[in-house]
Amino acid sequence: MKDSGIEWIGSINSKWPIVKIIYFSKLKTCGTPDKRVLEYWEDGKINWMSSGEINKDLIYEVEGKITELGYKNSNATSLPVN
């Protein structure tokens, strides 16, 4: 084990490299459909993950759902499962 140098992580396997996340991931951003437009949210079937949910350890379900109309009227990005 070795110290990660990051207080909230602590020790990690000594064989793991410490690199910036940008080197092995892609950043995806989007804009939230207007919450004042009920047609974007009522009876939505498309999972909508809010920025606050990113702090969960593991995410199996999200709290929000948007409609197809809400999806089409935002700059949302659909991500594959897993």
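Reply: The protein has one helix and four strands, where helices (H or I, at least four residues) and strands (E, at least two) are DSSP runs, numbered from the N terminus. This is a predicted model, in which local features need pLDDT of at least 70 and side-chain atom pairs count only at pLDDT 80 or more, while totals for chains, interfaces and linings use all residues. Residues are numbered from 1 along each chain as its sequence is written, and side-chain values use heavy atoms, with hydrogens and water left out.

Along the sequence the pattern reads β-β-β-β-α. The radius of gyration, taken over C-alpha atoms, is 18 Å, well over the 12 Å that the globule rule (2.2 Å times the number of residues to the power 0.38) gives for 82 residues, so the protein is more spread out than a compact globule. The C-alpha trace spans about 50 × 20 × 20 Å along its principal axes. Of the 82 residues, 18% are buried, where buried means under 20% relative accessible area, exposed over 50%, and partly exposed in between (1.4 Å probe, protein chains only).

The loop you ask about runs between β2 (11-12) and β3 (46-48), and Phe 24 lies in it. Phe 24 counts as exposed because its relative accessibility is 59%. Together with Val 19, Ile 21, Ile 22 and Tyr 23, Phe 24 forms a nonpolar surface patch with about 630 Å² of accessible area. The areas come from the Shrake-Rupley method with a 1.4 Å probe, and for residues only the protein chains shown count as cover.

Lys 28 belongs to the loop between β2 and β3 as well, and at 47% relative accessibility Lys 28 counts as partly exposed. Leaving aside neighbours within four places in sequence, Lys 28 is in contact (heavy atoms within 4.5 Å) with Thr 77 and Leu 79. Its C-alpha atom is separated by 13 Å from that of Ser 50, 22 residues apart along the chain.

Asp 43 is also in the loop between β2 and β3; although Asp 43 is not a glycine, it has a positive phi of about 60°. With a relative accessible area of 68%, Asp 43 is exposed.

Asp 43 is one of the residues touched by Thr 67, together with Glu 39, Tyr 40, Trp 41, Glu 42, Gly 44 and Ile 46, not counting residues up to four places away in sequence. Thr 67 itself sits in the loop between β4 (64-66) and α1 (68-72), and Thr 67 is buried, with a relative accessible area of 12%. A polar atom of the Thr 67 side chain lies 3.0 Å from the backbone nitrogen of Gly 70.

Ser 74 is in the segment after α1, and, neighbours within four places in sequence aside, Ser 74 is in contact with Gly 31 and Pro 33. Polar atoms of the Ser 74 side chain lie 3.4 Å from the backbone oxygen of Gly 70 and 3.2 Å from the backbone oxygen of Tyr 71.

Notes: Patch = residues over 30% accessible without salt bridge, like charges linked within 9 Å, V, L, I, M, F, W, Y side chains within 5 Å. Salt bridge = Lys/Arg side-chain N within 4 Å of Asp/Glu carboxyl O. Polar contact = N/O pair within 3.5 Å; in protein donor to acceptor, adjacent residues only side chain to side chain.
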